Amino acid sequence: MLFIHLVMVLLTSLTEAAGSPPAEKCAMPPTRAEKDGISKDDEVEVYAVAFEHVLKTEDRARLFFLGTGKDGDPPDRVLKLLSHLKLRLRKGSRAERTTDGAGHIIYVDRDSKEPGTTVRLLGIQRAGEENMVEVKAVYHINKSSGYTEVLRLKKKGGQWSVSGSRAHGEF
């Protein structure tokens, strides 16, 4: 037992001497939402409300790939919260970028090769009041066609809702 303790002390000393951070400092860095004090539950609800706002008038036959951040997927709970929309939803990681017959860049399902539209929410951040956040929505039909929109969401009575939006640009 003493031998194991001595080995652990020696390994810890060597690790610190080599400049490596201790194991507890190697955790994933906090997200912008976590830095802003937004709970995981609020983050999930904001994603669900923002995706619903963007998708509510969309064609039910179209396939949608949903993403969060630069290249992340929404939590499974977000997809469950959106199931009432009766849309064909997949996680963004299922999308593959390719070209169609005319050479245009499009997004397709990795398995079925069915074309779809990507909708990505980029970063949740506090906006003014404590119960208000903004999230940027990026919508791609293909690489050269889409738009971005900044959504402002407010939490009132325990529920998040979109309180405003502004077009951020078309491309």
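Select Glu-149 first: leaving out residues up to four places away in sequence, Glu-149 touches His-53, Val-54, Val-135, Lys-136, Ala-137, Ser-165, Arg-166, Ala-167 and His-168, where contact means heavy atoms within 4.5 Å. The model is predicted, so local features need pLDDT of at least 70 and side-chain atom pairs count only at pLDDT 80 or more, while totals for chains, interfaces and linings use all residues. Residues are numbered from 1 along each chain as its sequence is written, and side-chain values use heavy atoms, with hydrogens and water left out.

Stay on Glu-149. This residue sits in strand E7 (residues 145–156); strands (E, at least two residues) and helices (H or I, at least four) are DSSP runs numbered from the N terminus. Glu-149 counts as buried because its relative accessibility is 13%; buried means under 20% relative accessible area, exposed over 50%, and partly exposed in between, with a 1.4 Å probe and protein chains only. Show the side chain of Ser-165 too: a polar contact of 3.1 Å joins it to the side chain of Glu-149. A polar contact is a pair of N or O atoms within 3.5 Å; within protein, one must be able to donate a hydrogen and the other to accept it, and residues adjacent in sequence count only if both atoms are side-chain atoms.

Next, select Asp-42, in helix H3. Asp-42 is buried, at 14% relative accessible area. Its side chain makes a polar contact of 3.1 Å with the side chain of Trp-160. Beyond neighbours within four places in sequence, Asp-42 is in contact with Lys-155 and Trp-160.

Select Lys-40, Glu-43, Val-44 and Tyr-47, then Thr-68, Gly-69, Asp-71, Gly-72, Asp-73, Pro-74, Pro-75 and Gly-123, to show the lining. On a 1 Å grid over the protein atoms alone, a pocket is an open set of points where a 1.4 Å probe fits, with protein on both sides within 12 Å along at least five of seven lines; lining residues have an atom within 4 Å of a point. This pocket holds about 180 Å³; grid points are joined across faces, edges and corners, and a volume is the space filled by probe spheres set on the points.

Move to the largest pocket, with a volume of about 300 Å³. Of its 17 lining residues, select Lys-70, Tyr-107, Thr-118, Arg-120 and His-140, which lie nearest the centre. Strands E1 (63–68), E3 (95–99), E5 (115–127) and E6 (129–142) are the elements that each give two or more residues to this lining. E5 gives the most, 4 residues.

Two loop residues come next. Lys-86 lies between helix H4 (76–81) and strand E2 (88–91), and has a positive phi of about 60 degrees although it is not a glycine. Lys-86 is exposed, at 60% relative accessible area. Lys-113 lies in the loop between strand E4 (105–109) and E5; its phi is also positive, near 65 degrees. Lys-113 is partly exposed, at 44%. Most residues other than glycine have a negative phi.

Finally, show the protein chain as a cartoon: there are 4 helices and 8 strands. From the N terminus the order is α-α-α-β-α-β-β-β-β-β-β-β. Of the 171 residues, 32% count as buried.
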